[in-house]
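Dear colleague,

I am handing over the structure below, and my notes on it follow. Please read them with the coordinates open beside you.

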Amino acid sequence: MKEYVLRAEDGPARFRIDYEKELNPQQLEVVLAGDGPLLVIAGAGSGKTRTLTYRVARLLESGVPASQILLLTFTNKAAREMLRRVELVTGGEHRRITGGTFHHVGHLVLRRNAERLGYRSNFTILDREDAKDLLHGILAKNRTVATCKTAPKGDVLLEILSYSVNTGTAFERVLADKWPVFGEIEGELVRCVNQYRSRKRDLNLVDFDDLLLCWRDLLSKNSDVREAQHAQWRYLLVDEYQDTNLLQAGIVERIAGEAGNLMVVGDDAQSIYSFRGANFGNIIDFPERFPTCRIFKLETNYRSVPEVLSLANSSIRNNARQFPKVLQAYRQSGVLPEIVRCGDVDEQAGFVAKRMLDLRDEGVELRDIAVLYRAHWHSMELQMELTRLGIPFVVRSGVRFFEQAHVKDVGAYLKIVTNPLDELAWKRVLKLYPRIGAATADRIWEAIHTREHPLGDLEHEAVLRAVPSGARRGWGELAAVLRRLDSQDLHRSPSEMIRALVNSGYETHLVTTYANFHARLDDLRRLSEYAVKYETAEAFLAELALSNTVAGREAVEEGAEDEAVVLSTIHQAKGLEWRAVFVLWAVEGKIPDGRALKEEGGEEEERRLFYVAVTRAKDHLYIVWPILANERNLQGVIQRPSRFIQELDRSTFEESQVVLG
DNA sequence: AGAGTGGGCCTTTTT
DNA sequence: GGCCCACTCT
């Protein structure tokens with residue numbers, strides 16, 4: 001288990017920084033500000049990370065022990081980047097600060113206080129797919145729901161529940177407001193949700209939301225815990241505050257206390273996560289919640305040429321709800337953004353690919369180019385075109401690395417060994433063997449989980465009775481693998497466990513099941529190497545569940561994207577920048593997304609998303625849209641350019657049209 | 001009865 | 001690519 005109590009022997013700082021030289025006056029003010037609550041409104045590209053980094057350095061320099069600093073970010077990537085830069089600035093002193101996503105730190109807190117919350121400390125974390133499966137199973141067993149025509153599927157019910165948890169709204173309320181179609185089976189759905197909650201407890205499982213919920217409740221109900229954490233983390237810094245939800249704000253506020261040293265940084269114009277409960281009000285109302293707070297603004301943009309910035313400003317001006325601020329360009333004038341009209345989807349892909357090659361000839365490296373879009377599948381045609389032309393690319397969307405079947409399978413074996421009551425893991429693994437499907441898996445699980453020592457009784461008569469004769473051989477193999485993984489000679493090392501698993505049968509499964517087994521085997525080899533960092537399977541599994549695609553990919557295959565163009569959803573591009581950015585599919589229905597528009601405040605959120613997309617560009621910005629596209633079963637439907645294009649000031653862009661030749 | 005396979009249909013964003 | 005359903009095979 002990773003402990004979050006860090007070095008006790010923090011000494012005085014041994015580095016010197018010339019803050020006046022490194023920072024602009026606005027940034028400097030933030031960095032040198034004294035104790036108490038601080039709100040920093042940081043525009044896109046205004047050196048937010050830089051400011052946070054120097055603020056941390058300054059705290060260390062003035063004698064604050066690293067162990068008293070808690071740095072909360074939104075993504076793993078942001079966390080790693082921040083800690084790396086702190087280390088750089090402070091001269092590489094290995095002063096460990098508690099840093100990570102809310103979920104990550106919540107996990108550490110929960111491990112430590114599991115018993116108090118009614119869990120055993122070897123609990124495992126459900127990722128989205130696991131949680132969905134668990135709910136699906138409960139729904140399928142409910143007669144009323146199963147026979148009802150308009151019943152939610154597992155993933156929909158999970159979304160409703162998650163939204164209710166993250167916004168602190170009663171489940172029934174969310175159901176009535178946002179999913180009225182399910183009104184008639186409300187009572188049954190409530191029952192299912194309650195079953196889901198108790199199943200998690202019985203099986204020693206927590207989902208993503210529990211990591212936050214348990215933490216918040218722990219702080220609310222136990223003044224001793226609150227005081228301990230308040231004393232431990234005397235300095236809290238929170239990045240991307242505009243995307244935090246009520247739960248997260250509650251956690252931070254409880255730890256910091258009313259006059260605590262809480263610094264929150266964010267940009268209301270870049271709030272794009274309200275669909276999962278992010279609360280705009282956290283940042284807007286911060287001054288009211290913390291009456292003694294001081295407010296700072298960072299308004300100089302260092303990233304983009306003024307042309308890109310004018311376009312961005314011209315767009316976001318159309319939003320009513322925002323902090324007034326004027327973002328100013330620091331850089332010299334460059335080229336105007338281009339809005340490119342293409343004949344159809346293939347031309348759109350063709351244009352982007354060709355322009356990429358031109359840019360490369362002009363000296364822009366491929367890794368400095370990104371294509372951004374609203375939804376995963378919007379990049380399909382482009383991927384084909386890039387493949388055809390041999391242009392290397394990495395896709396930062398779609399199926400996540402850690403969510404691929406073979407990675408999930410390996411995780412499931414490890415989960416069984418660490419938490420033999422993990423029903424989902426058992427069933428996933430069982431179904432990998434011949435002649436074992438859902439029904440047989442259920443029966444075997446029933447026989448196993450009632451044993452006092454599930455892993456010790458694999459060949460017990462009572463268990464064997466549940467295994468039909470056709471499946472006996474597979475069961476024998478599985479039992480042997482599990483005994484091997486559970487044996488002491490692997491030293492409980494997740495890395496060795498993965499290797500042992502691959503060597504004792506799983507490789508055969510891959511070879512017989514997947515055409516691309518070679519790539520998958522490579523993945524597992526890298527996964528095993530990556531796992532060396534973790535001493536216990538629990539720690540490793542938690543990392544698997546809490547890491548997103550980007551982090552996972554990068555962690556596992558370092559440097560693979562050195563020479564490649566990046567394809568990403570706009571959401572995943574937040575906080576990043578490239579010399580050239582293409583915004584794909586800028587048509588009504590895609591950007592803005594048709595469904596998102598139906599949500600309250602949907603148009604403004606979609607506009608902020610557009611704003612995030614365009615402000616990723618440093619030098620070159622292309623907004624591309626096709627006139628014709630296929631929709632459902634209709635071919636060649638005429639598209640309308642995005643309203644976000646139409647409302648732009650005409651002087652902020654140049655229009656062009658694709659002529660293929 | 002239950003395992004396995006193929007076709008049809010849909011596709012928001014994520015810790 | 002994922003999910004569901006209908007169909008066939010054991």
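Helix 24 and helix 25 are roughly antiparallel to each other, because angles over 145 degrees count as roughly antiparallel, those under 35 as roughly parallel, those from 65 to 115 as roughly perpendicular and the rest as oblique. The angle between helix 24 (residues 494-513) and helix 25 is about 170 degrees, and their axes are 10 Å apart; axes here are lines fitted to C-alpha atoms, for helices over the stretch in contact, and angles run from 0 to 180 degrees between N-to-C directions. Helices (H or I, at least four residues) and strands (E, at least two) are DSSP runs numbered from the N terminus. On the side of helix 24 the contact is made by Ser495, Ile498, Arg499, Val502, Glu507, Leu510 and Val511, and on the side of helix 25 by Phe517, Arg520, Leu521, Leu524, Leu527 and Ser528, where two residues are in contact if their C-beta atoms, placed from the backbone, lie within 7 Å. By class, this contact has eight nonpolar, two polar and three charged residues (Ala, Val, Leu, Ile, Met, Phe, Trp, Tyr, Cys and Pro count as nonpolar, Asp, Glu, Lys and Arg as charged, and the others, Gly among them, as polar).

Please keep in mind that this is a predicted model, in which local features need pLDDT of at least 70 and side-chain atom pairs count only at pLDDT 80 or more, while totals for chains, interfaces and linings use all residues. Residues are numbered from 1 along each chain as its sequence is written, and chains are lettered from A and ligands numbered from 1 in the order in which they are written.

Helix 25 (residues 517-530) also packs against helix 19 (residues 405-418), at an angle of about 45 degrees and with the axes 10 Å apart, and helix 19 and helix 25 are therefore oblique to each other. The contact is made by His406, Val407 and Val410 of helix 19 together with Arg520, Asp523, Leu524 and Leu527 of helix 25, and by class it has four nonpolar, one polar and two charged residues.

For chain A as a whole, there are 31 helices and 18 strands, and 44% of the 661 residues count as buried (20 or more other C-beta atoms within 10 Å of the residue's own; exposed means 12 or fewer, and partly exposed in between, with C-beta atoms placed from the backbone). Among contacts in chain A between residues at least 6 apart in sequence, 77% join residues at least 24 apart. The C-alpha atoms of chain A fill a box of roughly 80 × 65 × 50 Å, taken along the principal axes.

Helix 5 (residues 102-112) is mostly covered, with eight of its eleven residues buried, namely Phe102, His103, His104, Val105, Gly106, His107, Val109 and Leu110. These buried residues pack against strand 2 (69-73), strand 3 (98-101), strand 5 (205-206), helix 11 (208-221), helix 13 (246-256) and helix 26 (537-546).

Two single residues complete these notes. Leu458, in the loop between helix 21 (438-449) and helix 22 (461-464), counts as partly exposed because it has 19 C-beta neighbours inside 10 Å; leaving aside its neighbours within four places in sequence, Leu458 is in contact with Val463, Ala479 and Leu482. Lys178, in helix 9 (residues 171-178), has 15 C-beta neighbours inside 10 Å and so counts as partly exposed.

With regards
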